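The sequence and the structure are shown first, and the description follows.

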Amino acid sequence: MRFVIGIDLGTTQTKSVLVDELGNLIDKSSASIPVYFPRTGWVEQKPLEILESVKTSVGNLLKRHPELTSENTVVGFDNQGETFILWNKNIGEAVTPAIVWQDTRGQKICEDLLTTNAVDENQLRKTTGLRLDSYFSAPKLLWVFQQQPEILAAARAGDVIFGTTDSFVLWHLSNGKLHITDPSTASRTLLFNINIMDWDQNLLDAFQVPKCMLPTVKPSAGYVGDIELTPGNMFSLHGLLVDQQASLFGQACFEEGDMKCSFGTGSFLLMNIGTVPKLSSNGLLTTVAWVLGGSESETEIETEDRSNLRSYALDGGVFVTGAAVQWLKDNLEILDDVGDSDEMASKSTDSDVVVVPAFQGLAAPHWETSFKCSMFGISRSTSKIDIVRATLDGIACRIYEVAKSMILDLRADENENQINFNRLKVDGGPTKNSYLMQRISDLLDMEVHVMQNTEGTAIGVANLASFSAYGTDLSVFSNSWKAERIYKPAMMSAERERILGKWGRAIEATRIFHA
C-alpha cells in the first residue's frame, strides 16, 4: 500500500493528513500557531513557532504510523500564502518575524507608489492578476527595507533570503538545500508574472527586491527534493500549493467554471478559469491555480509552451465571515455559542434589519478599505435574533456578490457561454450552519454542496502529490468526491430581489457614510 502525507500550513494551525494514493483519509493531526498583534494593523508570527507546528503535527502522525517510510510515502505541502519571512541563509536565523497576510503596514507604501507613478496599476494587473494592496507580500517587504536598510544591504550581498512560509519551512526541513516555492504561491507576492511564470524584473525594481534573495519556482506537481520531517525520517516532496488552491484541488474543481468556497474566519472563493489567465471586469483577482510538472527530472518551470499543464483561477476573498459570528458572541454577547446562530436566525421574523459585516473593510468586488461594519433598519421591536439573522444574511450576500462576479466574468467570454453554473462546493466549519448555507443557495439560485471531508485543503495537496508520484488520474479524485449535504434553492425570485435590493442600498449608504 502506498501513502501520502498532506501538510496544510495555515494561519492559526498546521493540519497534517495521512491518505492513501486514492485520497482516502486514514488519519489526521494538528498543531496550533500563535498570532501576535504588536501594533494596530500589524499581524505577526514567530518563524520558529511556525516550523515547530509543522514538526509537531507531522510528528504525531509518524509516531502513530511507524509503517510509513521513504519507500511507500510521499509528501504534499501547502501554505498560508502571502505571509513571508526573511532569514540569514548562512545560519538559518530569521531576521524578521513572519509578517502575516492580514497585516496592513504596507498600505502607505501602496499609496506612495501610485502617487509617484512608480507602479502602473493597470500594468500590474496584467502582469500579476492582482491589485496593489498591503494584503500581498511586496509592499510589506519594501516597508521592511525602508525601516531596516541593513537588511536590504544583506539581501543584495546574498546573505538574507526571502520566502513565504513554505519556503522557510522547507529550507529548514531540507537543511538549507531547498529554497523553493511554486507558481500558485509566488503569484500571491505581487512580484510574479503569471503569464510567463517567472519573477518580473520591473516589479522587482519597483519594490527594490534583489532577485538573488528569491526562491526558485518549481512546478506545483513534480518531484522537487527530499525533506526530513522528523529526525531520521526523509520523504520525497511531490506537491506544492498555496492553501486556497489546495482547497480548489481537494474539491476536485478541475474543469473550467468549477468553483468552491472555503469558510473559516474569512471565506475565500476560487473558480477554475482554464489554461489562459483572464482579467476580471468585476473586481476579482486572477491567480495561478497550479502548474502540473512533468517527469521527475523537471526542476524548473519550462519556457516552452506547456499551457495545457497550467490552470488559472478567479479569486475573491471575503475577509470576515466566521469572525462576524464570533463578534456576536464575544462582543455583543447575544450568543452563548456560535453554533446557536443557526437556530436563532431561523426564528427571526423581522427582515428589515441589514448588517454589512465590514470589520476589515470590504474586499472583492468592492475593495473599500475604509468601510466599517454597518447596521440598518433597527426599530424598537428589533431583537437579538434579528441581528443574528441579519449578520448571517450579510455573510450570504457577500458570498453572493463574489460568486456572481465570477460567473459574470466567465460568461463575458463568448466562448464560455455554454458553461452551466449549477453548484458551489463548500468546506469549512461554518458550513455546519444550515441557515447560512440555505441562504447562500437561495440568493445564488444554485445548489450548495457541502464537502463530506472536513480536511479538503490538506487532502487537496496530498492528492496533488499522489498525482505526481503515483500517477493517480484526476478522474479518480473527481469520482471519489462526495457531498455530505446538498442545499437546493427554495426562494421565490421576488424575495431574492427584495433582499439583494436592500443589500445594495445598504452598501451604498455605507459608502456614503465613509466617504
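Trp367 counts as buried, because its relative accessibility is 12% and the limit for a buried residue is under 20%. The model in which this residue is seen is a predicted one. Trp367 belongs to the loop between strands E19 and E20, and its phi is positive, at about 55°, although the residue is not a glycine.

The loop between strand E19 (354–356) and strand E20 (374–376) also holds Pro365. The peptide bond that leads from Ala364 to Pro365 is cis, with omega near -5°. As a general rule, most residues other than glycine have a negative phi, and most peptide bonds are trans.

Asn117 is another residue that is not a glycine and yet has a positive phi, here of about 60°. The loop that contains Asn117 runs between helix H2 (107–115) and helix H3 (121–128). Is Asn117 buried or exposed? Asn117 is exposed, since its relative accessible area is 66% and the limit for an exposed residue is over 50%.

## The six-stranded sheet

Six strands form an open sheet with mixed pairing, in the order E3-E2-E1-E5-E14-E13. Strand E3 (25–32) and strand E13 (221–230) are at the edges; each has a single partner strand, so one side of each is left without a neighbour in the sheet. On average, neighbouring strands of this sheet are turned by 25° against each other, direction ignored.

Within the sheet, strand E1 (residues 3–9) pairs with strand E5 (residues 73–79) in the parallel sense, over six bridges.

## The seven-stranded sheet

A further open sheet, also described by mixed pairing, has seven strands in the order E17-E18-E16-E15-E21-E22-E23. Its edges are strand E17 (285–291) and strand E23 (483–487), each of which has a single partner strand, so one side of each is left without a neighbour in the sheet. From one strand to the next, the twist averages 30°.

Strand E15 (residues 259–263) and strand E16 (residues 267–274) run antiparallel and are joined by five bridges. Among the residues involved, Phe263 has Ser267 of E16 as its bridge partner. Helix H12 (residues 384–411) packs on the sheet, where it touches E15, E16, E18 and E21, and its direction makes about 10° with that of E16. Helix H9 (residues 243–250) lies across E15, E16, E17, strand E18 (310–318), strand E21 (423–427) and strand E22 (447–451). The angle between H9 and E17 is about 65°.

## The second largest pocket

The second largest pocket holds about 330 Å³ of space. Its lining consists of 18 residues, and the closest to the pocket centre are Val325, Val338, Gly339, Gly429 and Pro430.

Which helices each supply at least two residues of this lining? They are helix H10 (322–330), helix H11 (341–347) and H12. H10 gives the most, with three residues. Sorted by class, the lining of the second largest pocket has seven nonpolar, nine polar and two charged residues.

Conventions:
Residues are numbered from 1 along each chain as its sequence is written. This is a predicted model: local features need pLDDT of at least 70, side-chain atom pairs count only at pLDDT 80 or more; totals for chains, interfaces and linings use all residues. Side-chain values use heavy atoms; hydrogens and water are left out. Two strands pair if DSSP finds at least two bridges between them. Helices (H or I, at least four residues) and strands (E, at least two) are DSSP runs, numbered from the N terminus. Axes are lines fitted to C-alpha atoms, for helices over the stretch in contact, and angles run from 0 to 180 degrees between N-to-C directions. Contact means heavy atoms within 4.5 Å. Buried means under 20% relative accessible area, exposed over 50%, partly exposed in between (1.4 Å probe, protein chains only). On a 1 Å grid over the protein atoms alone, a cavity is a set of points where a 1.4 Å probe fits but cannot get out, and a pocket is an open set with protein on both sides within 12 Å along at least five of seven lines; lining residues have an atom within 4 Å of a point. Grid points are joined across faces, edges and corners, and a volume is the space filled by probe spheres set on the points. Ala, Val, Leu, Ile, Met, Phe, Trp, Tyr, Cys and Pro count as nonpolar, Asp, Glu, Lys and Arg as charged, and the others, Gly among them, as polar.
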